[in-house]
Amino acid sequence: ARGHGCESRSTTNQNQTERMSTIRTLIGSVLLLLGILYVYFYAWRSPRSSKHPEPVQYPVAPPVGRLSAAVNHVFHLVAPDHLKYKQPSIVNGRTDVVTLTPWLAPVVWDGTFNPVLLDSIYQSKNITVAATVFAVGKYIRFLKKFLETAEPYFFVGFRVNIYVFTDHPKDVPRVQMAGGRKVVVRSVPSSNRWQEISARRMELIQNLIEEVHDSVDYIFCLDVDSEFHGRWGSESLGGLVAVIHPGYYRDDRGRFPYERRPESRAYVADGEGDFYYCGGAFGGLLQEVSLLAKTCDLNFKADAKEGIEAAWQEESHLNRYMWINKPSKILSPEYLWQDFKPRNPEVRIVRFSGVVKNYADIRPNV
Ligand SMILES: CC(=O)N[C@H]1[C@@H](OP(=O)(O)OP(=O)(O)OC[C@H]2O[C@@H](n3ccc(=O)[nH]c3=O)[C@H](O)[C@@H]2O)O[C@H](CO)[C@H](O)[C@@H]1O
Ligand SMILES: [Mn+2]
């Protein structure tokens, strides 16, 4: 039994040795495999190689919640990767002017924005910008300079439609324009009252918006008796955009030429009003400008029925509107200066300016 026992132990030893060597081979193979995997995934394909992994970028999501798709369009700002530009500072900036309203709308002054960055953000949105300009009666004479200067300064590199409203369609000057930019002429009746021409713009702007709302994103409504002298571009885009009038921006609100008669629908009471905005330039998203134009037009006409015309026609109604409906972006007086006014030091650049005109010479009535 002992011998048997001895024999049996020796067989067990042999088996154990075989098993051990199999296990050793197995462990060796596994280690070798792990080594290969390590070299493949970590060493060979590691970031130490100059290859930069492409970050994931989801497409802009469909709107969630109760706000419309316009939200994506306005608020989702995508900059192209690797765009190099000056580092923005969070502590140094313009201190000679106010660049935010009390309701936190930006006020656009030279030096507050980076034009290259803004252009590349809005280029990728593939937007179309419209401008309206009225040239009725003798004001047709201002149109050539307006159009010629819009070409090198107004939304350069963007799709732009300039809608000219005139009673002299044959006298609209032909101006050479870059691809994607065009002038569209609309006939309107003449009038023998300049106040009516100026105020009727609101109705015609509203009609235009209804017509083009499928093909245009933003619209600016501008006086024709003016010229561009500097860039007016994507920095001016916003929901509802108002321009500070160059004549009153340093004054107390009590001196603003708001309509002061309570009988008018343009009435702004003493001690009320934020800024004095001009009627000669305003704009924004189609939907916002449509609401403004419709409201001003209805109030102007309701006033007229009662025999009252606001002090500065539609400009007064616009100011009343903007007091209640706060603009989401404000353009500094750089965006509508007047040629006869000497430049104030805070106005580093005049971008758009009203020409000097002899009212008696060009208006149909005084
Ligand atoms: C710089 C500025 O903010 N200007 C405003 C200001 O006076 P303005 O003296 O600038 O008014 P304006 O004589 O330029 O008239 C406004 C605009 O209406 C058109 N037009 C006017 C008369 C005419 O016979 N034919 C013609 O086409 C033209 O596009 C002109 O630019 O107040 C007006 C209302 O009283 C308007 O709100 C203007 O936008
Ligand atoms: Mn004007």
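Setting aside neighbours within four places in sequence, Glu-315 is in contact with Cys-278 and Gly-279; contact here means that the C-beta atoms of two residues, placed from the backbone, lie within 7 Å. Before going on, please note that this is a predicted model, in which local features need pLDDT of at least 70, side-chain atom pairs count only at pLDDT 80 or more, and totals for chains, interfaces and linings use all residues. Residues are numbered from 1 along each chain as its sequence is written, while chains are lettered from A and ligands numbered from 1 in the order in which they are written.

Glu-315 lies in helix H7. Helices (H or I, at least four residues) and strands (E, at least two) are DSSP runs, numbered from the N terminus. Glu-315 is buried because 24 other C-beta atoms lie within 10 Å. The cut-offs are 20 or more other C-beta atoms within 10 Å of a residue's own for buried, 12 or fewer for exposed, and partly exposed in between, with C-beta atoms placed from the backbone.

The rest of H7 is also mostly covered, with 10 of its 12 residues buried. Among them are His-317, Asn-319 and Arg-320. The cover over the buried residues of H7 includes H5, strand S7 (240–244), S8 and helix H6 (286–305).

Now turn to ligand 1. Of the 22 residues around ligand 1, those that come nearest are Asp-223, Cys-278, Gly-279, Gly-280 and Glu-315; a residue counts as near if its C-beta atom, placed from the backbone, lies within 6 Å of the molecule. Two or more residues of this shell come from each of strand S2 (128–135), helix H5 (194–212), strand S8 (277–285) and helix H7 (313–324). By class, the shell holds 11 nonpolar, six polar and five charged residues. Ala, Val, Leu, Ile, Met, Phe, Trp, Tyr, Cys and Pro count as nonpolar, Asp, Glu, Lys and Arg as charged, and the others, Gly among them, as polar.

Val-350 counts as buried because it has 21 C-beta neighbours inside 10 Å. Not counting residues up to four places away in sequence, Val-350 touches His-229, Gly-230, Glu-334, Trp-337 and Arg-343.

Finally, step back to the whole chain, which is divided into domain 1 (1–53) and domain 2 (70–362), with bounds from an automatic or database domain assignment. The centres of domain 1 and domain 2, taken over C-alpha atoms, are separated by 79 Å.
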